[in-house]
Amino acid sequence: MAPMPSTDLPREYSPAEQNSLLGIACKSIRHGLEHGRPARVSLDTLPESLLAERASFVTLNTSGGQLRGCIGSLEACRPLAEDVSHNAWAAAFRDPRFSPLREEEYPGLDIHVSVLSEAEPLAFSSEQELLDLIRPGIDGLVLEDSTARGTFLPSVWESLPEPAQFLAHLKLKAGLPADYWTDSLRVWRYTTQSFGGAALEISGKVGAT
C-alpha cells in the first residue's frame, strides 16, 4: 500500500463539524436519488478542518440495523467534505453487494461517517505476534497479500470481538482462506472517529435536503 498523506487526527471533530459532514452525506444521497450522481460540495462555505485531505468511510444501515451499504477510502486524496460526499453516494448506489437505494428506503436510513487516521504498518513474524499487536475495539485493519486486499473498520469489533475471529473474517473478506498465512502478508492498523444518525433527523438539523 502506498504511503498516505498525513491523516492523523489532532483533535476530534466538533458537533457542528460532524453535523456538516452528515449533512453533506445526506445531501449527496438525496441528489443521487434525484439526479443519479453525487452532489457537488461548495468548499468555499466550509471550515478549513473539512477541507484537509482525509480518508473516510460512509456506512448505511436500515432502521432495523441491517447493513445497506458501506464504501470508503483508505488513502487521503481529496478534501474530507468531497470524500464524504462521494462515499455516501457510492455507499447508496454503487456497493456491489446491494441494489441501488430506492426512494422509499431513504427515510429509514441510518448514516454513519468514519474519518480515518493515518494507517500504521505492523511488524510481525507470526500470526500470534500479529494477534498480540491488534487492539480490540480500537483498531481498524487493512490486510494485503499480492492482489488480495480487505479492510475492517473498528466498528466490526462489535460483531467479531475476538482478535483471532476478527482476523480470520478479514482474510475471508480479502478473498483468502480463514487460516491463510504467508510471510508476505502485510497488515496496517488505523483508528477512526465515527458519528451518525437517522437520515431525516440529520436533514432536519442541517437543512440538507
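Predicted model: local features only at pLDDT ≥ 70, side-chain atom pairs only at ≥ 80, totals over all residues.
Two packed helices are described by the angle between their axes and the distance between the axes. In the present model, helix α1 spans residues 15-35 and helix α2 spans residues 80-93; their axes come within 8 Å and cross at roughly 45°. This angle makes α1 oblique to α2, and the crossing of α1 past α2 is right-handed. On the α1 side, the contact is formed by Leu21, Ile24, Ala25, Ser28, Ile29, Gly32 and Leu33, which meet Leu80, Ala81, Val84, Ser85, Ala88, Trp89, Ala92 and Phe93 of α2. By class, the residues of this contact comprise 12 nonpolar and 3 polar, with no charged residue among them.

Rolling a probe the size of a water molecule over the atoms shows where empty space is left. The largest pocket has a volume of about 740 Å³. Its lining consists of 24 residues, and those nearest the pocket centre are Thr59, Cys70, Leu153, Ser155 and Val156. At least two lining residues are supplied by each of the strands β1 (56-61), β2 (67-72), β3 (110-116), β6 (148-152) and β8 (192-198). Strand β2 gives the most to the lining, with 4 residues. The lining of the largest pocket divides into 8 nonpolar, 12 polar and 4 charged residues, whereas the contact of α1 with α2 has no charged residues.

Methods: Residues numbered from 1 in each chain as written. Heavy atoms only, no water. Axes fitted to C-alpha atoms, helices over the stretch in contact; angles between N-to-C directions. Parallel < 35°, antiparallel > 145°, perpendicular 65-115°, else oblique. Left-handed = near helix turned anticlockwise from the far one by under 90°. Contact = heavy atoms within 4.5 Å. Nonpolar A, V, L, I, M, F, W, Y, C, P; charged D, E, K, R; others polar. 1 Å grid on protein atoms, 1.4 Å probe; cavity = no way out; pocket = protein on both sides within 12 Å on 5 of 7 lines; lining within 4 Å. Points joined across faces, edges and corners; volume = space filled by probe spheres on them.
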